[in-house]
Amino acid sequence: MSKLLDIKTLGQLKQTGYKSRSVKDELRANLIEQLKKREGGFEGIIGFEDTVIPDLQTAILSRHNILLLGLRGQAKTRIARLLVNLLDEYIPYIEGSELFDDPYNPISWFGHSIITEKGDDTPIGWIHRSERYTEKLATPDVTVADLIGDVDPIKAATLKLTYSDERVIHFGLIPRAHRGIFVINELPDLQARIQVSLFNILQEKDIQIRGFKLRLPLDIQFVFTANPEDYTNRGSIVTPLKDRIESQILTHYPRSVEISRKITQQEASLTDDQRIAIEADGLVKNLVEQIAFEARNSEYIDKKSGVSARLTISAYENLISNAERRMIINHEKTTFVRITDFLGVIPAITGKIELVYEGELEGPGKVANILIGKAIKSLLLSFFPDPEKAKKAKAPNPYAAIINWFGDGNNVALVDDMPMQEYKKALEEVAGLKDLVKKVHPRLSESQQLLLMEFVLHGLSEFSQLNKGFLDNGFAFSDMFNSLFNLQPDDDDLDIDDDRY
């Protein structure tokens with residue numbers, strides 16, 4: 001490759017035997033090489049190995065333009081950007097050409113004229129694959145001039161040319177993406193008349209700017225992304241355009257907590273200090289992911305809108321930061337994530353869910369708390385016996401000592417900035433709690449043991465065997481039956497402020 005980069009003229013390029021190829025042939029050939037070597041090619045894309053990626057590879061082998069269709073947060077844009085890795089590292093172009101003309105197949109007036117004038121002495125430059133990617137977010141204010149181009153009166157006046165001369169055209173984004181990948185994100189947001197302007201480019205490979213009879217055989221790999229929700233809410237893809245996009249590939253959300261967790265851990269932006277000082281057990285990591293799974297099935301959330309993978313990423317970052325905040329306040333050198341730290345996750349949830357009418361009635365803050373509660377309830381059964389079955393079983397109830405302790409009028413308050421020793425003392429005061437955790441999970445570190453002790457209290461409240469009251473910065477646990485007879489808590493702090501978010 002270094003020898004190729006030393007080539008500076010068209011004559012030198014011809015002597016090497018270099019053969020140019022279309023961008024789609026280039027993608028196809030490089031993909032074939034990857035497949036033969038069993039290389040990944042789409043680094044960082046997790047959970048699509050058996051679904052989306054094979055469909056995408058098939059489309060590339062077929063040299064198709066591609067539409068990635070899926071709900072928000074399904075890595076559509078990331079997939080499009082990774083296609084650049086399938087391009088040749090460098091390709092030659094006629095130096096000075098704004099359309100990066102192929103020296104063997106120039107398409108612009110500049111390219112044709114310089115080769116006619118200089119022949120084999122035509123200067124050659126080299127463009128890296130990273131510069132051959134163009135991306136445009138479709139918005140209602142995008143114009144044909146932005147995408148295709150327009151007549152530039154200043155250029156016409158400066159060069160003293162008539163408007164019928166090709167040189168007065170100011171090319172838009174699409175012609176400038178010649179010999180590269182062009183991505184339009186959120187295609188349905190593009191006005192119908194703008195979508196119509198893409199018809200000829202996709203099929204006949206030519207463009208029309210105002211009254212010009214201009215045929216530019218553009219060489220472009222088109223990738224479009226769209227959200228099915230947009231078909232009913234903001235716009236739609238006009239049928240003839242959709243017909244011209246050869247392959248439509250459906251994306252999806254992670255299908256298991258394990259895959260979702262891998263994505264979150266890969267994408268979460270944490271500092272080195274956070275990674276060293278804050279311990280995050282597998283339980284809390286799974287809880288974060290379970291929140292998203294609960295949200296996607298929730299009656300309060302609009303399923304057409306979807307629940308982005310960004311929710312779990314932001315939630316995990318907030319979870320770690322909430323634990324870090326407590327560590328700093330208490331002048332501790334290390335800490336671990338507690339269940340109370342999930343209060344810090346609520347702002348990450350409320351901004352990323354679209355509520356239906358029933359959800360709006362509840363309020364985003366309360367819905368977020370409901371989702372966290374459901375996630376705890378779902379995961380409790382993976383770590384401990386089912387409290388409902390244990391209550392009905394003839395065998396001794398493993399939770400009996402805990403429930404009886406609260407039944408004697410005791411209660412526990414856990415706040416998110418509670419120092420380690422206070423937190424430990426509060427949990428160990430609950431009769432039977434430590435014994436239960438040690439019996440079910442005998443080999444645990446102290447931090448894991450305390451985390452599971454708190455987890456049991458939250459789990460029992462979700463199974464309606466303990467009452468959980470919401471403090472401004474934590475939770476208070478008490479006996480379920482006493483709370484039924486005392487509708488007004490003694491402490492006013494036990495009222496959750498649903499309108500906070």
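Select Val456 and show what surrounds it. Leaving aside neighbours within four places in sequence, Val456 is in contact with Leu380, Phe384, Tyr399, Ile402, Leu433, Leu436 and Val437. Keep in mind that this is a predicted model. Val456 sits in helix H24, residues 446-462. Is Val456 buried or exposed? Val456 counts as buried, because its relative accessibility is 1% and the cut-off for buried is under 20%. Now draw a distance from Val456 to Phe384.

Next, select Ile402, one of the contacts of Val456. Beyond four places in sequence, Ile402 is in contact with Val430, Ala431, Gly432, Leu433, Leu436, Val456, Leu457 and Leu460. The largest nonpolar core has 75 residues, and Ile402 and Phe455 touch the most other members. A second core is separate and has 34 residues, including Leu69, Val142, Leu198 and Ile220. In soluble globular proteins, nonpolar side chains tend to be buried together.

Move to helix H13, residues 257-267. Colour Val257, Ser260, Ile263 and Thr264; these residues of H13 are buried. Look down the axis of H13. The buried residues fall within an arc of 125 degrees, so they line one face of the helix. An α-helix has 3.6 residues a turn, so residues three or four places apart point the same way. Now turn to the face of H13 away from the buried side. Exposed residues Glu258 and Lys262 are there.

What do the buried residues of H13 pack against? They pack against helix H15 (282-296) and helix H16 (309-329). Select H15 and H16 together. These two helices pack at an angle of about 145 degrees, with axes 10 Å apart. The crossing of H15 past H16 is right-handed. From H15, the contact uses Val284, Lys285, Val288, Glu289, Ile291, Ala292 and Arg296. From H16, it uses Ala309, Leu311, Thr312, Ala315, Tyr316 and Leu319.

Now select Gln221, in strand S8, residues 220-226. Gln221 is buried, because its relative accessible area is 2% and buried means under 20%.

Go on to Asp88. Look in the loop between helix H5 (76-82) and strand S2 (90-94). Asp88 is buried, at 17% relative accessible area. Which side chains make polar contacts with that of Asp88? One is Arg21, at 3.0 Å. Another is Asn30, also at 3.0 Å. Not counting residues up to four places away in sequence, Asp88 also touches Glu26, Arg129 and Arg132.

Finish at Thr143. It lies in the loop between strand S4 (133-137) and helix H7 (144-147). Thr143 is partly exposed, with a relative accessible area of 30%. The C-alpha atoms of Thr143 and Gln191 are separated by 8.8 Å, and the two residues are 48 apart along the chain.

Conventions:
Residues are numbered from 1 along each chain as its sequence is written. This is a predicted model: local features need pLDDT of at least 70, side-chain atom pairs count only at pLDDT 80 or more; totals for chains, interfaces and linings use all residues. Side-chain values use heavy atoms; hydrogens and water are left out. Helices (H or I, at least four residues) and strands (E, at least two) are DSSP runs, numbered from the N terminus. Buried means under 20% relative accessible area, exposed over 50%, partly exposed in between (1.4 Å probe, protein chains only). A polar contact is a pair of N or O atoms within 3.5 Å; within protein, one must be able to donate a hydrogen and the other to accept it, and residues adjacent in sequence count only if both atoms are side-chain atoms. Contact means heavy atoms within 4.5 Å. A nonpolar core is a set of buried Ala, Val, Leu, Ile, Met, Phe, Trp, Tyr and Cys residues joined through side-chain atoms within 4.5 Å. The arc is that of the directions from the helix axis to the C-beta atoms. Axes are lines fitted to C-alpha atoms, for helices over the stretch in contact, and angles run from 0 to 180 degrees between N-to-C directions. A crossing is left-handed if the near helix is turned anticlockwise from the far one by less than a right angle, and right-handed if clockwise.
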